[in-house]
Amino acid sequence: MRTMKLRAAAATVLLTALSGTLAACGDAGSEGEGVDVQAEEVEDGKFEEGSRMAELAEAGSITIGVKYDQPGLGFKSATDDIPTGFDVEIAKLLVADLGIDPSDTSAVTYEETISDNREPYLEAGRVDLVLASYSITEDRRKVVGQTGPYFITGQQILVAADSDVESIDDLVGETVCSVSGSTSLQNAEDAGAIGAPADTYSQCAEDVLNGTVEAMTTDGSILLGLAAQNEGELKVVGPEFSEERIGVGYSQDYPEMCEWINGVLTEAYEDGSWAEAFEATLGGDDVETPEPPALDECPAA
Amino acid sequence: MSTAPQEEISAGRGEPLVVLDGVNKWFGDLHVLQDINLTVNRGEVVVVIGPSGSGKSTLCRAINRLETIDRGTITLDGKPLPQEGKELANLRAEVGMVFQSFNLFAHKTIRENVTLGPIKVRKVAKATAEAKAAELLDRVGIGHQADKYPAQLSGGQQQRVAIARALAMEPKVMLFDEPTSALDPEMIKEVLDVMVDLAEQGMTMVVVTHEMGFARTAADRVLFMADGAVVEENTPEEFFTNPQSERAKDFLGKILKH
Amino acid sequence: MNVVLDNAGDIALAFIYTLSLFVVAGVLSLIFGALLAAARVGPVAVLRKAAAVYVTLIRNTPLLIVIIFFRFAGPKIGLTFSFVDIRVADIRLNNLYAACAVGLVVYTSSFVCEALRSGINAVPLGQAEAARAIGLPFGGVMSQVIMPQAMRHALPPLASVQIALLKNTTVCGALGVFEAFARMRGLTNDFASARTEIFLAFALIFVVLVEVLSFVAYRLERRWRIV
C-alpha cells in the first residue's frame with residue numbers, strides 16, 4: 001500500500017514537472033496584475049429576498065469557475081494568487097457587485113474548470129458562476145444558464161513565421177492542431193483540415209514550432225499571446241473564420257441571476273470598466289478596444 | 001584402468017568415428033568426467049553402464065555438445081566439435097540423440113516431429129521428407145498414428161517416434177541417453193526391439209542404459225563408469241561373467257540379484 | 001441517443017483510428033517483443049544485456065512519457081516521421097500518427113517481451129535440447145519449437161497486454177490522433193446536454209471491442225491447447 005502511494009506520488013511529480021515544461025512557454029497572460037476592483041457597498045434591498053444573489057452577498061463568499069491555461073482570458077501561473085485575464089476581470093466586476101472583495105482569496109475561490117467540467121460543476125453547485133472562455137451555444141443552454149456575451153472572438157490561425165499560409169482555406173488536407181474536444185478543432189475539421197487534438201495550447205504551439213503540424217487554431221486572442229511569446233518564430237494569420245460568443249454560465253436553479261449578470265455587464269459597458277478590463281488584459285498598444293457586444297435577452301422567468 | 005587394450009576389442013571394425021581424448025568436466029567442485037578416453041568405431045555399439053551419478057549421461061550429452069567440456073577434445077569423423085554457432089548445428093545434425101524423456105515437440109504432430117529436421121536443416125522437399133517419415137514410422141511401428149500429437153501416444157510409442165525423428169536426419173551415430181528409464185516395464189521391450197534392430201543394421205550407437213539384457217545381446221563393448229571415470233571396458237560377455245574391478249562386481253551384484 | 005446516432009460517421013472514423021493504432025502497434029509490438037524475448041534468452045551476452053536494459057527502462061516509464069518523447073523530443077533531434085503520409089478515403093495516417101504508433105510499439109514491446117519470456121520459461125528445457133539435437137540453429141530452435149509453445153503459455157498474459165494496448169491508444173487522443181477519446185471529448189464539449197449518453201456509448205463500444213479481443217484470445221487458447 002505504502003509503495004503504491006509512493007509510486008503514485010512519484011508519477012504525479014514527474015507529470016507535473018513534465019506539464020510544467022510544456023506550459024513554461026505559456027506565460028504571457030500574466031503580465032500586468034489586472035484592474036484593482038473594489039467591492040461595492042450592498043444596501044439592504046439591493047437583491048430581492050431569497051434570491052441567489054442575496055444569499056451570496058449574505059454569505060460573503062463565492063466560487064467562480066475560470067480557465068487556468070488560456071493567456072489573455074484566464075491564466076494562472078504557479079506563482080499567481082489569482083488568475084489573470086479578461087474572463088477574470090469580468091468575474092471581479094460581478095463579485096464586487098455582491099459586496100465581496102475580488103482580491104480576497106478567502107472569500108472568492110477561482111476554481112479551475114476545464115472545458116468538460118463547466119456544466120457538471122454548475123449543475124452540482126460546485127461553482128456559482130463560470131467565466132471560462134465559455135461559448136454560448138443552444139446545446140449548453142439545455143443544461144445550464146448562459147448569458148452575455150461579454151466578448152465576441154473568432155478563430156484564427158497560428159503558423160510558423162516563414163509559412164505561406166494565409167487563411168484556413170490554405171490548410172485543406174493539412175494537419176492543424178487545437179485542444180482536444182474544442183469547438184475550434186471541430187471547425188478546422190469542418191473546413192477540411194486534418195484535426196490534431198492536443199492537451200494544451202502550448203503543446204500545439206510546440207508542434208507548430210517543431211514543424212510537426214502546419215498550423216494551430218483557436219481564438220485569435222490566445223494565438224496573439226502565443227505569438228508574442230515566440231516572437232519572430234510564430235505569426236497569427238487570416239480572417240476570423242468562426243464566431244465565439246463568450247458568456248457567463250450560471251445554474252438553471254437560479255434563473256434570477258441572468259438579469260443581475262446582464263445588469264452588471266450593462267453598467268460595465270457604460271461606465272468604461274469593461275473597456276478598462278479589456279485594455280488591461282487582451283488589449284495592447286496596437287490592439288484597438290472593440291465596441292462591447294450586445295447582450296442576449298434573459299429568458300422569461 | 002581398462003582391462004583389455006582397445007585395439008583388440010575394436011579389431012576388424014570400421015575406422016574411428018567418435019574419439020574422446022582426455023575429456024574432463026567439472027560441475028563446480030564436482031569432477032563429473034575424469035580423463036575420459038574413448039574411441040567408438042563405425043558400426044560399433046557401445047553401451048555405457050554404471051550407477052547413477054557416475055557421469056554416463058554427461059558423457060553421452062558431451063558428444064553432441066549439449067554439455068560443454070572443460071578440458072580434452074572430442075572429434076567426430078576426424079573433425080573436432082565446433083563451438084556454438086552454425087557449424088555446431090551442422091555437426092549435431094550428424095548425431096542422432098534419443099532422450100530419457102523423449103522430448104518430442106509437443107505442438108507438432110508425429111509426422112511433423114519427424115520431418116522438421118529434414119525440411120528445416122537438410123532442406124529436403126516436404127513431400128520427400130514426408131515419404132521418408134512414413135517409412136521410418138512404419139519401421140518403428142507408429143505408421144498409422146502420424147497425425148496424432150505426442151501427448152496422445154504412450155511413452156513407448158513416443159520413444160519410438162523419437163528414434164524415428166533422429167533417424168530421419170540420417171545420422172552417422174546415434175546417442176541414447178537412458179532411453180527406457182522413463183518407461184513403464186511393459187513398454188521397454190518395444191523400444192529395445194527397435195534399438196536391437198538398428199544395431200543389427202550396423203548403426204553406430206552409444207547407449208547409456210540400465211538394460212543389461214540389451215547390453216548382452218546388442219553391445220560390442222561395455223563401458224562401466226563410476227564417479228566420473230571409466231572403470232572398466234570390455235566385451236559384454238567378459239564384463240558380465242568376469243568383471244575385474246570391485247566397483248563393477250559390486251554394481252552387477254546389486255542389479256543382477258533381482 | 002440521438003447525438004450518438006447523428007454523429008455515427010465521426011464516431012466510426014474515430015474508432016477506425018483507434019483500431020488501426022491497435023492493430024499496427026499490436027502486430028509490431030508482437031514482432032519486436034518476440035525479438036526482444038529471443039535476445040533475452042539467446043546466446044549472445046551483449047544482446048541479452050541490451051534487451052534487459054530496454055525492458056527495465058521502458059517498462060518502468062509511464063506510457064505518456066514514452067509517447068511524448070517521440071512526439072516532442074523526437075522532432076528536436078530530427079525524428080519527425082514526416083515520411084509517413086498515408087491516405088485511405090477519410091483516414092489520414094500522418095507523422096503524428098506514426099510518432100504515437102511508434103511510442104505505443106516501443107512501450108508495449110517491453111510487456112510483450114516479458115509475457116513471452118514467462119512463456120519461454122514454461123517450455124521444458126528438453127524441447128530446446130531436442131531441437132538443437134536435430135541440428136536446428138538458435139533461430140530455428142526459437143521460431144520452430146520454443147516460440148510456438150511459448151506463445152501458448154504466454155497467451156493469457158499476452159491477451160492482457162494487448163487489451164491494455166487497445167485502451168492505451170486513448171493516450172494518443174491528446175497527442176495528435178483523432179481517435180475515439182479525442183472524438184468523445186469533442187462530442188461531450190459540443191453536446192453538454194447529452195454527455196451521459198456519449199460517455200455510455202463510447203464506454204460500451206470499448207467494452208465490446210475488449211470482449212471481442214478476449215473472445216479471440218479464448219478461442220486461440222482452446223485451439224492451441226496441446227492435446
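**Disulfides and nonpolar cores**

A disulfide joins Cys258(A) to Cys298(A), with an S to S distance of 1.9 Å; a disulfide is taken here as a pair of cysteine sulfur atoms within 2.5 Å. The structure is a predicted model, in which local features need pLDDT of at least 70 and side-chain atom pairs count only at pLDDT 80 or more, while totals for chains, interfaces and linings use all residues. Residues are numbered from 1 along each chain as its sequence is written, chains are lettered from A and ligands numbered from 1 in the order in which they are written, and side-chain values use heavy atoms, with hydrogens and water left out.

The link of Cys258(A) and Cys298(A) is left-handed, with -90° about the S-S bond. This pair connects distant parts of the chain, 40 residues apart: Cys258(A) lies in helix 9 (residues 257–271) of chain A, and Cys298(A) in the segment after helix 10 (273–281) of chain A. Helices (H or I, at least four residues) and strands (E, at least two) are DSSP runs, numbered from the N terminus. Both Cys258(A) and Cys298(A) are buried, where buried means under 20% relative accessible area, exposed over 50% and partly exposed in between (1.4 Å probe, protein chains only).

Over all chains, the count comes to two disulfides. The other pair is Cys177(A) and Cys204(A), whose sulfur atoms are 2.1 Å apart. At -75° about the S-S bond, the link of Cys177(A) and Cys204(A) is left-handed. Cys177(A) counts as buried because its relative accessibility is 1%, and Cys204(A) counts as buried because its value is 0%. With bonded cysteines counted along the chain, the disulfides of chain A follow the pattern 1-2, 3-4.

Attention now turns to the nonpolar cores. A nonpolar core is a set of buried Ala, Val, Leu, Ile, Met, Phe, Trp, Tyr and Cys residues joined through side-chain atoms within 4.5 Å. The largest has 108 residues, and Leu20(B) and Ile36(B) have the most contacts inside it. Helix 5 (residues 95–122) of chain C gives the most to this core, with 14 residues. A second, separate core of 60 residues includes Ala196(A), Cys204(A), Leu223(A) and Ile261(A). Leaving aside residues up to four places away in sequence, Leu20(B) touches several residues, among them Ile36(B), Leu38(B), Leu59(B) and Ile63(B), a contact being heavy atoms within 4.5 Å.
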